[in-house]
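Please read it with the model open.

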Amino acid sequence: FFSFFVFFLVFSFFVFFFFYLCVFFFFFFFFFFFKQKTAYEMLRSLVGSEMCIRDSYRDYCEKCDSSCYSCETAKDSCTKCNPGYYIYGTKCFRTCPSGTVVEGTSCIVCSSPCYNCTRTPDTCTSCVDDTYILYKGKCITSCPPLTVFYPPFKTCIDCSTGCNSCTWNESEGLYTPLCSDCSAGLKILNSTCYLACPENFTETSDGRSCISAEDKTTGLEKDEFPILPHLMVLAISAGVIAVV
């Protein structure tokens with residue numbers, strides 16, 4: 001009986017030992033893999049400035065680039081930027097690169113045909129090539145009415161008030177806008193539009209320009225009475241003949 005009791009105790013010990021050993025290994029491996037997976041996912045998606053990398057040999061965490069708030073796949077592959085930075089692609093910039101504009105916390109590509117832009121993607125500050133002309137934040141192919149192309153800056157400039165059309169006069173490298181035609185009711189004098197002709201000037205017969213009073217008088221004598229001198233000569237000659 002005693003030997004049976006001893007055998008039962010030894011057998012029970014090994015059974016319970018094996019059972020608890022199996023339970024221990026089960027919970028150990030379950031906790032280990034669960035913890036690694038959870039830590040990897042949390043660090044990758046929630047914890048700022050850190051990421052975890054899993055390779056075939058080990059799992060490890062690496063600090064993101066100083067401009068990144070969070071990153072993945074590489075320390076400089078940002079998914080979110082720290083304050084004061086703007087994200088463009090997977091990079092964070094303090095100032096948005098050329099061809100982009102700030103929108104919220106991101107850099108947005110300028111709308112074509114803008115090359116550079118400001119405030120909004122379609123407010124241009126320069127155009128993609130010389131086939132376009134910059135005018136009031138837009139890239140256009142030709143200047144609209146009441147404007148003239150300004151060569152130095154490849155842009156359109158508004159004609160002066162009252163001008164229907166204007167041109168440029170280049171003198172010693174300086175461009176000066178010249179009015180070539182005035183709006184209805186205005187008179188042009190020396191490339192400037194007037195509501196009424198200045199002192200010592202009078203309007204022409206068509207009412208669209210001003211000339212000096214002296215020039216107008218000379219013009220009338222020459223143009224409106226071209227045969228007057230000849231009539232005077234004939235009158236004098238006739239008088240002489242009558243006397244004779």
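Are Cys-114 and Cys-124 buried or exposed? Cys-114 is buried, and Cys-124 is buried too. The points below start from the overall picture and then come back to this pair.

1. **Overall make-up.** Keep in mind that this is a predicted model. The protein has three helices and 20 strands. Its length is 244 residues, and 24% of them count as buried. The exposed surface comes to about 17800 Å², with 64% of it supplied by carbon and sulfur atoms. Take contacts between residues at least 6 apart in sequence: 5% of these join residues at least 24 apart.

2. **Disulfide count.** The structure holds twelve disulfides. A disulfide is a covalent bond between the sulfur atoms of two cysteines.

3. **Cys-114 and Cys-124.** These two cysteines form a disulfide, with sulfur atoms 1.7 Å apart. The torsion about the S-S bond is about -55°, so the link is left-handed.

4. **Strands 9 and 10.** Who is the bridge partner of Cys-114 in strand 10? That partner is Cys-127. The hairpin of strand 9 and strand 10 has six residues between the strands. Among them, Arg-119 takes a positive phi near 70°.

5. **Cys-110 and Cys-117.** This pair also forms a disulfide, and its sulfur atoms are 1.9 Å apart. The S-S torsion is about -85°, so this disulfide is left-handed. Both Cys-110 and Cys-117 are buried.

6. **Cys-159 and Cys-166.** Here the sulfur atoms of the disulfide are 1.9 Å apart. The torsion about the S-S bond is -80°, and the link is left-handed. Cys-159 is buried, as is Cys-166.

7. **Strands 7 and 8.** Strand 7 (residues 100-103) and strand 8 (residues 106-109) run antiparallel, with four bridges between them. Val-101 stands opposite Ile-108 of strand 8. The two strands form a hairpin with two residues between them. Gly-104, in the turn, has a positive phi of about 70°.

8. **A cis peptide bond.** Which residues does a cis peptide bond join? Ser-112 and Pro-113 are the two, and omega is about 10°. Pro-113 is placed in the loop between strand 8 and strand 9. Most residues other than glycine have a negative phi, and most peptide bonds are trans. Check this bond by eye.

9. **The loop between strands 13 and 14.** This loop runs between strand 13 (147-150) and strand 14 (155-158), and Pro-152 lies in it. Pro-152 is partly exposed, with a relative accessible area of 40%. The C-alpha atoms of Pro-152 and Tyr-175 are separated by 8.4 Å, and the two residues are 23 residues apart along the chain. Lys-154 lies in the loop between strand 13 and strand 14 as well. Lys-154 has a positive phi of about 50°, although it is not a glycine. Its relative accessibility is 42%, so Lys-154 counts as partly exposed.

10. **Either side of strand 19.** Asn-200 is found in the loop between strand 18 (192-194) and strand 19. Its phi is near 70°, a positive value in a residue other than glycine. Why does Asn-200 count as exposed? Its relative accessible area is 59%, and the cut-off for exposed is over 50%. Thr-204 belongs to the loop between strand 19 (201-203) and strand 20 (210-212). At 18% relative accessibility, Thr-204 counts as buried, because buried means under 20%. Leaving out residues up to four places away in sequence, Thr-204 touches Ser-209 and Ile-211.

11. **A nonpolar patch.** Which residues make the nonpolar surface patch of about 430 Å²? Phe-16, Phe-19, Tyr-20 and Val-23 make it. Phe-16 has its place in helix 1 (residues 2-45).

Note on methods
Residues are numbered from 1 along each chain as its sequence is written. This is a predicted model: local features need pLDDT of at least 70, side-chain atom pairs count only at pLDDT 80 or more; totals for chains, interfaces and linings use all residues. Side-chain values use heavy atoms; hydrogens and water are left out. A disulfide is a pair of cysteine sulfur atoms within 2.5 Å. Buried means under 20% relative accessible area, exposed over 50%, partly exposed in between (1.4 Å probe, protein chains only). Patches are made of residues with over 30% relative accessible area and no salt bridge: like charges are joined within 9 Å, nonpolar side chains (Val, Leu, Ile, Met, Phe, Trp, Tyr) within 5 Å. Accessible areas come from the Shrake-Rupley method with a 1.4 Å probe; for residues, only the protein chains shown count as cover. A salt bridge is a side-chain nitrogen of Lys or Arg within 4 Å of a carboxyl oxygen of Asp or Glu. Contact means heavy atoms within 4.5 Å. Two strands pair if DSSP finds at least two bridges between them.
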